[in-house]
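Biologist: Could you walk me through this model? I'd like to start with the pockets and then go over to the sheet.

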Amino acid sequence: VLETPDFEPRTALNLEEFKKIVVEWPPQIILSDVNMPGMSGPELCRELKKQLDTAHVPIVLCSGLSPEELEVLAEDCEADAFLSKADGFDKIPELLKMVCESVIW
């Protein structure tokens, strides 16, 4: 869905890969699933928001949870936005663009 001229997505299968990517290729936005091996999306969000070099990067949580449950999780971990998989993947590019545009760099 993100393989478009507007995005240059990078993926990480685990926390170690993610840490390498963030150092080698600083992201403009992070899309994280809530359930991941090694560290949950909310835990990752909290950790990134504490670090000076990543605190400014917008984070969008994605999950199959209901939008209401996901909203509570996103607020709790200070994620910038959330997307329920129940809404479909077609909305992901639009949401990511809106979040990026709303962030003051």
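Modeller: The largest share of the lining of the largest pocket, five residues, comes from α4; helices (H or I, at least four residues) and strands (E, at least two) are DSSP runs, numbered from the N terminus. Please keep in mind that this is a predicted model, in which local features need pLDDT of at least 70 and side-chain atom pairs count only at pLDDT 80 or more, while totals for chains, interfaces and linings use all residues. Residues are numbered from 1 along each chain as its sequence is written, and side-chain values use heavy atoms, with hydrogens and water left out.

Biologist: What volume does the largest pocket have?

Modeller: The largest pocket has a volume of about 1,100 Å³, where a pocket, on a 1 Å grid over the protein atoms alone, is an open set of points where a 1.4 Å probe fits, with protein on both sides within 12 Å along at least five of seven lines, and lining residues have an atom within 4 Å of a point. The volume is the space filled by probe spheres set on the points, which are joined across faces, edges and corners. Of the 39 lining residues, Arg10, Thr11, Ile29, Ile30 and Leu31 are the closest to the centre of this pocket.

Biologist: And which elements give two or more residues to that lining?

Modeller: Those are α1 (15-24), β1 (30-33) and α4 (92-102).

Biologist: How does the lining of the second largest pocket divide?

Modeller: That lining has seven nonpolar, two polar and three charged residues, counting Ala, Val, Leu, Ile, Met, Phe, Trp, Tyr, Cys and Pro as nonpolar, Asp, Glu, Lys and Arg as charged, and the others, Gly among them, as polar. The second largest pocket has a volume of about 150 Å³, and the largest share of its lining, five residues, comes from α1.

Biologist: Switching to the sheet, what is the strand order?

Modeller: The order is β1-β2-β3 in an open sheet with parallel pairing, and two strands pair if DSSP finds at least two bridges between them. β1 and β3 (81-84) stand at the edges with a single partner strand each, so one side of each has no neighbour in the sheet.

Biologist: How many bridges join β2 to β3?

Modeller: Four bridges join β2 (residues 59-63) to β3, and cysteine 62 has leucine 83 in β3 as its bridge partner.

Biologist: Which strands does α4 lie across?

Modeller: α4 lies across β1, β2 and β3, at about 175° to β3; contact means heavy atoms within 4.5 Å, and angles run from 0 to 180 degrees between N-to-C directions, with axes as lines fitted to C-alpha atoms, for helices over the stretch in contact.
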